Amino acid sequence: MTDPLQRRRRVMGSGMRTSYDLPIHAASASGVWITDANGTDYLDAYNNVPHVGHGRPEVVEAIARQTARLNTNTRYVVDVVVEYAERVTALLPDSLDVILFTTSGSEANDLAWRIARTVTANATAIVTANAYHGATTATIQTSPEERGHKCDLATFPIPAGFQADAFDRIVTSLPEAPAFVAVDTVFSSDGVHVPPPGSLGHIAAIASTAGGLFIADEVQAGFGRIGPAMWGFAAHDVVPDIVTLGKPMGNGYPVAAVVTTTEIAERFWEHEYYFSTFAGNPVAAAAGIAVLDVVEGENLATHAQEIGDTLRSGIRDLNHPVIGDVRGPGLFIGVEIVDDSDRPDPIRAAHIVETMRNHRVLIGRTGPHHNVLKIRPPLVFDHEHSAILLEALESALA
């Protein structure tokens, strides 16, 4: 019998990376568990796409019902699509009242970049030093995590960049006015950070004075993962010009979006055009509504804060010398792994991730030095799951 991994590589190519040294041959999933082809269960503390749990019955049923009824594009007026648009925009500041659907976070950021460059007539972009914003031709250029030194654009370091004067110096040093500054509001690829309250407001104000827009990339942080505030920008006395959304919206069904103001949208449409056949289709909208119903009905944003606090406290209580800073909002946790001199230790971090996988608990790692453990489970992760994770982490550290 052909080895499943070799079979995959033959038809999908060797460049399509897998997670873990011993990749998991996934066969099914439910809630916070992934089951492999041999029937082994793994606690999923890493995947933030199944926002309300793998195989969530309400979402599955909503997709099936709408698929049987109608699925077409947004050139038709379909009530479920308009309802979903209203539900999403109602969760954001009042001025953010126009939504343009896409099918992925990469596409959402690509469209946001295009809007910003059109309405400002500027071309320069500013992102964080190890940002990741997507895989399209445009967004990969604003993703130093993937492109490194090949990204020919202005960047600012985290956390030093949270200082208004430091950011101001970066903006004023540019040879031309920026079209936008974009931040992933949980700063995932930069190592997971919680900026000081109000700091994103300072960044947005400086960008605006220079002629650029402020784009809040909420693809990873949004819809309650960071807690009851719902959005990463919410603690910063700022209303973004554009918000991009993605990953968790459809709980696995492809749906993402750009939300902006009527003024910005109209200025864009004066010069440009946007339509995507699959974006915002009725099935995607039905899935999105079902996700919002579960998040709101089960108060999962508050739950994310509670479980996240429990996990951060439990990790700190392990009091292991290789654990540096433990940080992050809600159920998005970064655990710095350091050596005896408190320097980043990516080798030890990789070992911990692989050892936890062998203990059947799945996490990842991130950061400029790849030494930050990344924990971001579905929002239905509970106290019993936290106990399993902490036990596996303690064993991995030992």
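## Salt bridges and an open sheet in a predicted model

Arg114 forms a salt bridge with Glu272, the closest N and O atoms being 3.1 Å apart, where a salt bridge is a side-chain nitrogen of Lys or Arg within 4 Å of a carboxyl oxygen of Asp or Glu. Because Arg114 belongs to helix 4 (residues 105-120) and Glu272 to the loop between helix 9 (262-271) and helix 10, the pair ties together parts that are 158 residues apart in sequence; helices (H or I, at least four residues) and strands (E, at least two) are DSSP runs, numbered from the N terminus. Arg114 is partly exposed, with a relative accessible area of 29%, and Glu272 is partly exposed as well, at 34%, on a scale where buried means under 20% relative accessible area, exposed over 50%, and partly exposed in between (1.4 Å probe, protein chains only).

This is a predicted model, in which local features need pLDDT of at least 70 and side-chain atom pairs count only at pLDDT 80 or more, while totals for chains, interfaces and linings use all residues. Residues are numbered from 1 along each chain as its sequence is written, and side-chain values use heavy atoms, with hydrogens and water left out.

### Salt bridges

Side chains of opposite charge can pair when their charged atoms come close. The count comes to 11 salt bridges, including the following pairs.

| Pair | N to O distance |
|---|---|
| Asp293 and Arg87 | 2.9 Å |
| Arg343 and Asp339 | 3.2 Å |

Asp293 is partly exposed, its relative accessible area being 42%.

An open sheet of mixed pairing is formed by seven strands in the order 4-10-9-8-7-5-6, two strands being paired if DSSP finds at least two bridges between them. Strand 4 (98-102) and strand 6 (154-156) stand at the edges, each with a single partner strand, so one side of each is left without a neighbour in the sheet. Strand 4 pairs with strand 10 (residues 256-260) in the antiparallel sense over five bridges, and Val98 stands opposite Thr260 in strand 10.

Helix 7 (residues 164-172) packs on the sheet, where it touches strand 5 (124-128), strand 6 and strand 7 (178-184), contact meaning heavy atoms within 4.5 Å. The direction of helix 7 makes about 175° with that of strand 6, given axes that are lines fitted to C-alpha atoms, for helices over the stretch in contact, and angles that run from 0 to 180 degrees between N-to-C directions.
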